[in-house]
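Visitor: Hi! Could you walk me through this protein?
Guide: Happy to. Let's look at it together.

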Amino acid sequence: KFDGGKISALVGRSGAGKSTIINLLPRFYDPQEGKILIDDQDIKKVNLKSLRRKISLVSQDVILFDDTIRNNIGYADSNASQEDIEKACKFAAADEFIEKLPNKFNTIVGENGVKLSGGQKQRISIARAILKKSEIILLDEATSSLDTESEKVVQNAINNLIKGRTTIIIAHRLSTIHNADKIFLLSNGKLLDSGNHEKLIKTSKEYESLYKNQLK
């Protein structure tokens with residue numbers, strides 16, 4: 001059960017089942033037993049098209065088309081005006097680098113954004129999610145492969161994106177989820193424990209071990 005308007009985080013060792021849960025949320029497949037509730041609503045009872053319209057995924061692997069920056073962002077909302085796109089870019093801190101490009105919004109990004117850096121691709125992905133006005137944001141540790149400077153900019157953009165929205169984060173680095181309202185600790189496809197960081201660090205040996213190993 002994920003609470004509406006709150007930040008939930010999924011943590012656990014590799015293979016714990018974090019990505020499986022993220023894939024269950026847009027219903028790429030359904031659970032064989034049990035149910036998933038978001039803001040007390042069973043997602044299986046929601047129209048599939050309507051559910052996916054409410055969800056945006058920001059991950060390390062950003063999918064971009066060999067097209068202009070404008071079209072890559074505008075893909076989220078075909079009715080969006082140039083002003084809407086620019087506003088989304090400002091929130092996503094993407095306007096900083098777009099304005100420096102010779103063709104600005106008409107810059108062709110290349111196949112899968114090959115002409116852009118990792119941080120630039122992430123910011124376009126965030127601008128797209130902002131433009132879509134999704135109520136539910138899925139974050140698959142979107143900053144883990146970025147350098148320190150890019151990570152700071154992208155993290156600020158993510159903070160703008162998730163404000164007041166239902167957010168579910170896959171956290172590979174536990175330092176990123178201190179402020180999560182609820183953390184779900186997974187192991188081998190099972191839920192071991194849940195609570196905020198302060199509670200889990202005191203009550204869960206597995207969480208404490210994960211956390212201390214990462215601090216090293």
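Visitor: How many helices and strands does the secondary structure come to?
Guide: There are 9 helices and 8 strands. Helices (H or I, at least four residues) and strands (E, at least two) are DSSP runs, numbered from the N terminus. This is a predicted model, where local features need pLDDT of at least 70, side-chain atom pairs count only at pLDDT 80 or more, and totals for chains, interfaces and linings use all residues. Residues are numbered from 1 along each chain as its sequence is written, and side-chain values use heavy atoms, leaving out hydrogens and water.

Visitor: What share of the 216 residues is buried?
Guide: Buried residues make up 44% of the 216. Buried means under 20% relative accessible area, exposed over 50%, and partly exposed in between (1.4 Å probe, protein chains only).

Visitor: Which residues touch the most other members in the largest nonpolar core?
Guide: Those are I69, I126 and I177, in a core of 41 residues. The largest share of this core, 6 residues, comes from helix α6 (residues 118-132). A nonpolar core is a set of buried Ala, Val, Leu, Ile, Met, Phe, Trp, Tyr and Cys residues joined through side-chain atoms within 4.5 Å.

Visitor: And what is I177 in contact with?
Guide: Leaving aside neighbours within four places in sequence, I177 is in contact with A9, V11, I169, A171, I183 and Y207. Contact means heavy atoms within 4.5 Å.

Visitor: Where is Y207 found?
Guide: Y207 is in helix α9 (residues 205-215). Y207 is buried, with a relative accessible area of 0%. The side chain of Y207 also makes a polar contact with the side chain of H197, at 2.7 Å. A polar contact is a pair of N or O atoms within 3.5 Å; within protein, one must be able to donate a hydrogen and the other to accept it, and residues adjacent in sequence count only if both atoms are side-chain atoms.

Visitor: What lies 3.1 Å from a polar atom of the R128 side chain?
Guide: The backbone oxygen of I63 does.
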